Amino acid sequence: MVELEGTKLSEKEIETLPGVIYYKPFTRYKFTAGYAVSVFLEGLKRGKIVGSICRRCGRVYVPPRSYCEYCLKPTDEFIELPDRGEISTAVISYISAKRGRLEKPEFVGVIRLETPGYREGSYEFAGLFHKICGITEEDVKTGKAIGMKVKARWRPPEERAGSILDIECFEPIGGGED
Amino acid sequence: MRTNIHVKDRVAVVGAGLTLFRRRMLETPQELAAAAARMALDEAGLTLEDIDCVVTGTAPDAFDGVHFNGEYLGDGSGAVGKSMVRVYVGGGTGVMIPVAAWWHVASGKCRTVLAVGEEKMSPALPHPQYVFAYIWDPILERPLEPNLIWIFAMEMRRYMAKCGGKKEDIALVSVKNKRNALDHPAAQVAGNITVEDVLNSETLVWPVNRLDISPVSDGAAAMVLASEREARRITDNPVYVEGIGWTLDNTHWYNRDLYYPRYVEYAARMAYKMAGIEKPIKEIDVAEPYDPFDYKELHHLEGLQLAPRCGAWKLLKDGFYDRDGELPSSPSGGLLGVGNPIAAAGVMKTIEIYWQLAGKAGARQVKKEVYRGVAQAWGDLMQVGTVIVLGR
Ligand SMILES: [Zn+2]
């Protein structure tokens with residue numbers, strides 16, 4: 001085989017090299033949610049899932065967009081959707097955001113929301129990425145969880161802050177084990 | 001989009017070069033770029049004076065830890081005093097680099113282009129995975145404290161649910177690619193492993209285990225592209241760029257059915273139409289679909305129309321995509337075996353197709369005669385498809 005250039009280093013070897021610099025950038029940000037998502041977050045505070053609709057093409061967006069992604073015109077109005085749907089995909093996380101091992105695995109997934117006027121199995125749908133509770137590792141592994149009907153579990157009104165975390169998780173309708 | 005494009009010049013690939021792909025390397029990004037570029041020029045029998053324009057690509061600046069990474073990389077990529085542009089579409093960048101090089105030559109603006117992809121992921125502490133924390137939406141996603149692997153696990157789970165493949169079926173991609181990589185001179189994680197090894201490796205986010213994933217890498221890859229006229233001076237048997245395509249989908253990945261990458265299909269159809277290909281699975285002889293995760297190779301084979309929808313895992317089991325199979329897939333060893341210095345990895349895949357068509361793939365040369373091949377990369381939040389078809 002051809003010999004290629006490049007000098008492999010072990011993690012230890014790096015420490016012995018001249019000119020190794022540790023650097024931590026100081027950057028902080030303050031993000032605004034924007035026009036449409038601000039309305040969505042206000043809705044969560046009231047225990048409602050708010051989407052937006054484009055009457056030109058009929059698309060319903062959750063999270064709401066202020067413009068239609070296909071027509072690029074402003075969406076026509078905000079609409080309330082039921083706070084239930086089905087699990088499109090669900091996984092079991094054994095690691096944290098920072099790659100540490102979790103003591104208790106966490107369930108996350110995509111929820112396809114029940115959307116009036118939408119056909120089943122459409123490629124695009126109104127939906128949310130969120131935590132899922134009340135399902136088991138078995139449910140995820142066997143596939144029982146996929147397609148399962150779920151409903152938002154809301155935080156008590158006094159604890160809601162206008163955040164995606166105002167929904168604690170989505171849980172099976174009719175209860176599941178916790 | 002028009003497909004019967006009027007081009008000033010047909011575009012050929014005339015040289016390619018790589019560095020080693022490794023977890024940590026001594027060389028700076030520029031030094032890696034220069035090493036790969038030199039090798040590409042040498043293969044073409046050209047010097048830097050013969051190069052008109054330069055295209056570079058790297059993934060997020062945050063890996064190298066330097067903003068304006070394109071310009072930073074410029075002198076190592078031979079761009080001093082020349083027209084240079086950096087392209088960036090996340091993980092799709094690697095194939096976007098030769099795509100952009102194509103239009104530089106096809107337009108008639110540049111006779112020769114040096115196209116360089118580089119990635120140095122090792123500087124980011126404590127682990128490059130942290131850099132990916134900034135790809136999530138700050139309002140609706142980051143509060144959930146996601147780990148990057150979540151999104152891949154969700155996509156893989158959806159694919160399994162809709163298409164019926166099991167973890168052990170999908171693990172065969174990792175087995176195949178790491179085995180293929182044993183013959184690749186840049187390979188970082190080549191090896192003879194078994195499906196059991198994959199299944200027994202650490203489960204990170206079920207269904208994703210550690211050996212379902214490509215490694216973190218430093219490395220560079222470079223190509224020289226030239227007009228037909230220039231190419232004919234260099235070689236009697238040029239390999240031509242026959243088709244290119246690239247597409248973007250929306251940021252709201254959770255508003256789409258993750259089982260299928262339609263953005264790859266759109267990009268592939270664009271490239272095939274330009275190349276006059278009607279039945280890709282019959283007309284493509286060798287493929288390098290992007291494989292940062294094992295299931296993604298299957299996903300992308302389907303997006304590339306090189307398998308019926310949901311059918312790639314079945315064909316894989318039958319040996320269809322083996323190096324001596326009907327349609328060899330990732331004969332290089334892919335990202336899973338050779339390594340994944342992001343932008344360089346996509347260039348490496350394009351180079352493999354070039355070397356396969358030029359008969360220069362050595363021990364990796366596929367068994368069948370090859371006339372046409374496709375390379376593809378994917379990027380961002382399940383959003384970007386970049387595709388290039390080469391032929392001879
Ligand atoms: Zn619309």
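**Chain architecture and selected residues in a predicted two-chain model**

Helix α11 of chain B is followed by Q305(B), a residue whose phi is positive, near 65 degrees. This description, like all that follows, refers to a predicted model. Helix α11 itself covers residues 294-303 of chain B, and because 10 of its 10 residues are buried, the helix is largely enclosed by the rest of the structure. The buried residues include ones with charged side chains, among them D294(B), K296(B), E297(B) and E302(B). Also on the list of buried residues are Y295(B), L298(B), H299(B), H300(B), L301(B) and G303(B).

The chain to which this helix belongs, chain B, contains 14 helices and 11 strands. Its radius of gyration is 19 Å, which is close to the 21 Å given by the globule rule for 392 residues, and chain B is therefore as compact as a globular protein of that length. When contacts in chain B between residues at least 6 apart in sequence are considered, 77% of them join residues at least 24 apart. Chain B carries 43 positive and 48 negative side chains, and the centres of these two sets lie 4 Å apart.Two further residues of chain B may be described in turn. A375(B) is located in strand β10, which comprises residues 372-379 of chain B, and with a relative accessibility of 1% it counts as buried, since the limit for a buried residue is under 20%. Apart from residues up to four places away in sequence, A375(B) touches V95(B), E288(B), K349(B), T350(B), I353(B), T386(B), V387(B) and I388(B). The C-alpha atom of A375(B) is separated by 6.6 Å from that of V389(B), although these two residues are 14 residues apart along the chain. R24(B), in turn, lies in the loop between β1 (11-18) and α1 (29-44) of chain B, and it is buried, with a relative accessible area of 14%. Within chain B, and not counting residues up to four places away in sequence, R24(B) touches S122(B) and D218(B). R24(B) also touches residues of chain A, namely T7(A), K8(A), L9(A), S10(A), E11(A) and I14(A).

Chain A has three helices and eight strands, and these elements, when read along the sequence, follow the pattern α-α-β-β-β-β-β-β-α-β-β. The radius of gyration of chain A is 22 Å, a value well over the 16 Å that the globule rule gives for 178 residues, so chain A is more spread out than a compact globule. Along its principal axes, the C-alpha trace of chain A spans about 65 × 45 × 45 Å. Buried residues account for 41% of the 178 residues in chain A, while the accessible surface of chain A is about 10500 Å², of which carbon and sulfur atoms contribute 51%. Among the contacts in chain A between residues at least 6 apart in sequence, 54% are formed by residues at least 24 apart. The side chains of chain A include 28 positive and 27 negative ones, and the centres of the two sets are 4 Å apart.

Two residues of chain A were also examined. T115(A) is placed in the loop between β5 (101-113) and β6 (127-131) of chain A, and at 9% relative accessibility this loop residue counts as buried. The side chain of T115(A) reaches the backbone oxygen of L113(A) at 2.9 Å. When neighbours within four places in sequence are left aside, T115(A) is in contact with V60(A), L81(A) and A126(A). A152(A), by contrast, lies in a strand, namely β7 (residues 149-154) of chain A, where it is buried with a relative accessible area of 5%. Not counting residues up to four places away in sequence, A152(A) touches D83(A), I167(A), C169(A) and F170(A). One of these residues, C169(A), is 17 residues from A152(A) in sequence, and the C-alpha atoms of the two are 6.1 Å apart in space.

Technical notes: Residues are numbered from 1 along each chain as its sequence is written. Chains are lettered from A and ligands numbered from 1 in the order in which they are written. This is a predicted model: local features need pLDDT of at least 70, side-chain atom pairs count only at pLDDT 80 or more; totals for chains, interfaces and linings use all residues. Side-chain values use heavy atoms; hydrogens and water are left out. Helices (H or I, at least four residues) and strands (E, at least two) are DSSP runs, numbered from the N terminus. The radius of gyration is taken over C-alpha atoms; the globule rule is 2.2 Å times the number of residues to the power 0.38. Contact means heavy atoms within 4.5 Å. The place of a charge is taken as NZ of Lys, CZ of Arg, CG of Asp or CD of Glu. Buried means under 20% relative accessible area, exposed over 50%, partly exposed in between (1.4 Å probe, protein chains only). A polar contact is a pair of N or O atoms within 3.5 Å; within protein, one must be able to donate a hydrogen and the other to accept it, and residues adjacent in sequence count only if both atoms are side-chain atoms. Accessible areas come from the Shrake-Rupley method with a 1.4 Å probe; for residues, only the protein chains shown count as cover.
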